[in-house]
Amino acid sequence: MNQNKRILLVISGGIAAYKSLDLIRRMREKGFSVRAILTKGGAEFITPLSVAALTEDKVYTDLFSLTDESEMGHIRLSREADLVVVAPASADLIAKMANGMCNDLASTALLATDKPVMVVPAMNVRMWEHPATQANISTLKSRGVIQVGPTEGAMACGEFGLGRMSEPADIVTAIQDHFKNDTISKQVNGSRLSALVTSGPTHEPIDPVRYIANRSSGRQGHAIAAALAARGIETTLVSGPTDLPDPEGVATIHVETAQEMLDACKSHLNVDVAICAAAVADWRVDHAGNQKIKKQNGLLPELTLTENPDILATLSQAGKERPELVVGFAAETENVVENAVHKRARKSCDWILANDVSPETGTFGGAENLIHFIHDDGVEDWPKMTKQAVAERLADRIVDHFSGREKTSSKDAAE
Ligand code: C5P
């Protein structure tokens, strides 16, 4: 399966570059063909000759004239690959990638590529933890770049912490997972399946310092987005304020209010499936104050509420723009299934995952969920499981749904 997959390996500067030689060997053992770009920094640690010997190909460095007829241009170099792997990815190269800078062959090829990119960071713990590096890596992830590592351990510089490059065997596993997931989604749709997920609470301002919120942690929605992305589905997450990191490989949009969440969803409506897992506030304060409301001798401020838009219902009733499959959640404290069945009809969504959020269940903000899965053919009671497991199960159902559709349409075509 790996035989016709081509990897473009970018080796940047860092002591971990020595591991890249083992990585090349392991990738080739698994049947990948490997072509390498070695940066000037990388060449301080390993020689072009050893890279060439292991890849059995030319090594591309800044010393090659890429405009020469006998050589290939950086555009071809970056596009004639199925995956670009940057290992080790130095803090410098990550910063260049995040900012679209291109002043050498590696950064130019990375800016020119239209292929999936995997970065495997390797650097000193302080450099890794620096807010600049963290912001850069978040930017890359929000663009769908796959991140592998770093891991924790002793460093060449004598310090200890996060920043070590992942082991070559683990990088190869991540590469294989990437292709496996890519294959699933291609089989499903012929082209890449796409998903939109909402997650987290919304914050509805009362004045510039106060807001109305709820106890949603965003764990369920974030886990769903991660599970979809792990299956090769192009996933956009619209998230209200949470403490969670952006899920890997997911383009994440951060919003505060229900109206902002709706606007972000509407501008990403061209998707195959939408999953509304956010706990959207039902009401917002009409005419939230521009200035902090002051205490006034015991006089209580009057807050008038107005209804927020229903995002799930809006997406479900979006006419020609409606995603083929729209999935909602129903958090209920009583008559869970009955209420959820009505909710599904009222909002016109396809599936509802109903869960009991009465305080004694600990579901809100907790790690587990007890789901009743409501669809056209009835209700399935899922066993109590972690939110992660719910996400995996739902993602599998979504993949099955679109696989089934493909089978049906090819059958129709044959008849
Ligand atoms: O009506 P209720 O809030 O119980 O509906 C829950 C479902 O509707 C969830 O899927 C939630 O994400 C979605 N919802 C929404 N916009 C709202 C309220 C709920 O998308 N304003």
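His287 is found in the loop between β15 (283-285) and β16 (305-307), where helices (H or I, at least four residues) and strands (E, at least two) are DSSP runs numbered from the N terminus. The phi angle of His287 is near 55°, a positive value in a residue other than glycine. Most residues other than glycine have a negative phi, and most peptide bonds are trans. The model is a predicted one, in which local features need pLDDT of at least 70 and side-chain atom pairs count only at pLDDT 80 or more, while totals for chains, interfaces and linings use all residues. Residues are numbered from 1 along each chain as its sequence is written, and side-chain values use heavy atoms, with hydrogens and water left out.

Two cis peptide bonds may be described in turn. The bond from Ala87 to Pro88 is cis, with omega near -5°, and Pro88 has its place in strand β4 (residues 83-89). Gly149 and Pro150 are likewise joined by a cis peptide bond, with omega about 5°, and Pro150 is found in the loop between β6 (146-147) and β7 (151-154).

The ligand is surrounded by Cys276, Ala278, Val280, Pro309, Asp310, Ile311, Leu312, Gly328, Phe329, Lys343 and Lys347, a residue being near a molecule if one of its heavy atoms lies within 4 Å of it. The residues of this shell divide into 7 nonpolar, 1 polar and 3 charged, where Ala, Val, Leu, Ile, Met, Phe, Trp, Tyr, Cys and Pro count as nonpolar, Asp, Glu, Lys and Arg as charged, and the others, Gly among them, as polar. At least two residues of the shell are supplied by each of α11 (311-316), β17 (325-332) and α12 (336-347).

An oxygen atom of the ligand lies 2.6 Å from a backbone N or O atom of Ala278, a nitrogen atom of the ligand is 2.8 Å from a polar backbone atom of Pro309, and an oxygen atom of the ligand is 2.8 Å from an N or O atom in the side chain of Lys347. Of the 450 Å² of accessible area that the ligand has on its own, the protein covers 87%, as computed by the Shrake-Rupley method with a 1.4 Å probe.

The count of aromatic pairs comes to 3, with rings of Phe, Tyr and Trp (its six-membered ring) pairing if their centres lie within 6.5 Å, and with planes under 30 degrees apart counted as stacked, over 60 as edge-to-face and the rest as tilted. Trp351 and Phe373 form an edge-to-face pair, at 5.1 Å centre to centre and with 70° between the planes. Because Trp351 lies in strand β18 (residues 351-356) and Phe373 in strand β20 (residues 371-375), the pair ties together parts that are 22 residues apart in sequence.

Conventions:
A polar contact is a pair of N or O atoms within 3.5 Å; within protein, one must be able to donate a hydrogen and the other to accept it, and residues adjacent in sequence count only if both atoms are side-chain atoms.
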